[in-house]
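Okay, thanks everyone, I'll keep this short. Have a look at what's on the screen, and then I'll talk you through a few things.

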Amino acid sequence: QSIAYSAPFALNASATVKAIAVKDGTVSKVAEKDFTLVVPVPSTIAELNEKNADEPWILLTLKDALVTYVDGKTCYVRENDKALMFYLVGLDVNAGDVINGSVLVDYANYRGIHEVKKNVLTDASTLSVVAGTAPVEPTVATLDEILNFQHINDLVIISNAKITKDGSNYYAVNGDSKVQLYKGISVADY
């Protein structure tokens, strides 16, 4: 006795849709599906750098965001003095590219590391990417800044530190401050 639908219809709120099919007097079983309205939270890289808890459905807006480093399908993007890791978002970028636009992602704070991840509605192709137009200059940072979680996800040069090696691992050391350097780290004298 409900309305017969023969074309798509819109939902503008969370709802449960129940439906049957009727053909030549034969009625199907009731099919049921819950739909949840997604309301994205507008954010910037700077705002995500202030978050401590995971949050889905972030509409991340980028304005002249610089790709500083790419490691496989993970890339690191800096906007002004804040940076963010894009983990498996589907960006096809290189260091030096500049990104503008908005993309729907999920935010995760992984042990203090700010990252965004792909969700079922992520479409990175909506972003505007200008290839290799900006020089990638590392941010100068001290070990104390690194240990206080400043410059997270950013490309940095650690100043006033001595590089030491213990087994196969390298460390940047200054007094009692020590940070392990992982793969892909360039060790050079400055």
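So, what volume does the second largest pocket have? It comes to about 450 Å³, and bear in mind that this is a predicted model. There are 13 residues lining that pocket, and the ones closest to its centre are Ile3, Tyr5, Lys18, Ala19 and Ile20. If you're wondering which element gives the most to the lining, that's strand β1, residues 15-19, with 4 residues. By class, the lining of this pocket has 9 nonpolar residues, 3 polar and 1 charged.

You'll find Asn49 in the loop between α1 (45-48) and β6 (55-71). Is Asn49 buried or exposed? Its relative accessible area is 14%, and the cut-off for buried is under 20%, so Asn49 counts as buried. And what does Asn49 touch? Leaving out residues up to four places away in sequence, Asn49 touches Lys82, Ala83 and His114.

Now let's zoom out to the whole protein. The secondary structure comes to 2 helices and 16 strands.

As for the surface, the protein exposes about 12700 Å², and carbon and sulfur atoms supply 51% of that. Buried residues, Asn49 being one of them, make up 28% of the 190 residues. Last one: take the contacts between residues at least 6 apart in sequence, and 50% of them join residues at least 24 apart.

Note on methods:
Residues numbered from 1 in each chain as written. Predicted model: local features only at pLDDT ≥ 70, side-chain atom pairs only at ≥ 80, totals over all residues. Heavy atoms only, no water. 1 Å grid on protein atoms, 1.4 Å probe; cavity = no way out; pocket = protein on both sides within 12 Å on 5 of 7 lines; lining within 4 Å. Points joined across faces, edges and corners; volume = space filled by probe spheres on them. Nonpolar A, V, L, I, M, F, W, Y, C, P; charged D, E, K, R; others polar. Buried < 20%, exposed > 50% of the residue type's maximum accessible area, 1.4 Å probe, protein only. Contact = heavy atoms within 4.5 Å. Areas by Shrake-Rupley, 256 points an atom, 1.4 Å probe, with all protein chains shown as cover.
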